[in-house]
Amino acid sequence: MTAATAELTQAELFDVFSNARRRWAVRYLEDCGGACDLDELVERVALRENDVGPDELTRPQRRRVYISLYQTHLPMLAEHGIVDWDPDDRRVELREGSGTFDPYLDRGEPFGRWHALYASLAAVGVVGFVAATLSVGPLSPTDAPIVALALAVGIFALALVHHASERSAGPSGPVGRG
């Protein structure tokens, strides 16, 4: 770990990694061995951001990412000692100790997909609770809390196992690990 990254507070790390483009840039640098050309980084971040294949990426999409990485994000990452960035040679290198940033980087599926899944599971639990409370089917009102708790725990356990198995399955998407 570099001296600069050792001195970053948790608040500074949250600030640095509050932007998806910075997270995706650092994540891609980790996945590609720690260094790449600016054009390669721009393309990978633009692919990730726009959720398209290489043939579908448009010049304006690439340009938006290029401008923000060049003018804002790479200078900020360099200022905080996370990357070495020289605009003249157009090369970006991740500095030592980048593993420290793993908790701040996007790993796996976007938040929205899992958020929707867990919200759906909560809805199923509520429906089960209401069904038990209203004595729908073979359940009695006294069974409602036990049934709802068992249903919620079972469903969430299955979702958690599924979520964990997908995250450990390896690369996903254009930028890297899932």
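In this predicted model, Glu 49 and Arg 21 join their side chains in a salt bridge, with N and O 2.5 Å apart. The two partners sit 28 residues apart, Glu 49 in helix 4 (residues 38-50) and Arg 21 in helix 3 (residues 20-31), and so the pair links distant parts of the chain. Their surroundings can be read from their relative accessible areas. Arg 21 counts as buried because its value is 16%, under the 20% cut-off. Glu 49, at 28%, is partly exposed.

Side chains of opposite charge can pair when their charged atoms come close. Another case is Asp 39 with Arg 90, whose closest N and O atoms are 2.6 Å apart. Here Asp 39 belongs to helix 4, while Arg 90 is in the loop between strand 2 (83-86) and strand 3, and the two distant parts of the chain they link are 51 residues apart. Asp 39 is partly exposed, with 42% relative accessibility, and Arg 90 is partly exposed too, at 25%.

Helix 4 turns up again with Glu 43. Its side chain meets that of Arg 62 in a salt bridge, 3.3 Å from N to O. Since Glu 43 lies in helix 4 and Arg 62 in helix 5 (residues 59-79), the pair ties together parts 19 residues apart in sequence. Glu 43 has 26% relative accessibility and counts as partly exposed; Arg 62, at 27%, is also partly exposed.

Next comes strand 3, which holds Arg 91. This residue is partly exposed, at 36% relative accessibility. Leaving aside residues up to four places away in sequence, Arg 91 touches Ala 35, Cys 36, Asp 37, Asp 84, Trp 85 and Asp 86. One of these neighbors, Ala 35, is 56 residues away in sequence, yet the C-alpha atoms of Arg 91 and Ala 35 are 7.3 Å apart in space.

Strand 3 (residues 91-94) also contains Glu 93, which is partly exposed at 39% relative accessibility. On the surface, Glu 93 gathers with Asp 86, Asp 88 and Asp 89 in a patch of negative charge.

Zooming out, the protein has 7 helices and 5 strands, arranged along the sequence as α-α-α-β-α-α-β-β-α-α-β-β. Of its 178 residues, 35% count as buried. The protein exposes about 10000 Å², and 59% of that comes from carbon and sulfur atoms. As for contacts with a separation of 6 or more, 63% of them involve residues 24 or more positions apart.

Conventions. Residues are numbered from 1 along each chain as its sequence is written. This is a predicted model: local features need pLDDT of at least 70, side-chain atom pairs count only at pLDDT 80 or more; totals for chains, interfaces and linings use all residues. Side-chain values use heavy atoms; hydrogens and water are left out. Patches are made of residues with over 30% relative accessible area and no salt bridge: like charges are joined within 9 Å, nonpolar side chains (Val, Leu, Ile, Met, Phe, Trp, Tyr) within 5 Å. Accessible areas come from the Shrake-Rupley method with a 1.4 Å probe; for residues, only the protein chains shown count as cover. A salt bridge is a side-chain nitrogen of Lys or Arg within 4 Å of a carboxyl oxygen of Asp or Glu. Lys and Arg count as positive and Asp and Glu as negative; His and the chain ends are not counted. The place of a charge is taken as NZ of Lys, CZ of Arg, CG of Asp or CD of Glu. Helices (H or I, at least four residues) and strands (E, at least two) are DSSP runs, numbered from the N terminus. Buried means under 20% relative accessible area, exposed over 50%, partly exposed in between (1.4 Å probe, protein chains only). Contact means heavy atoms within 4.5 Å.
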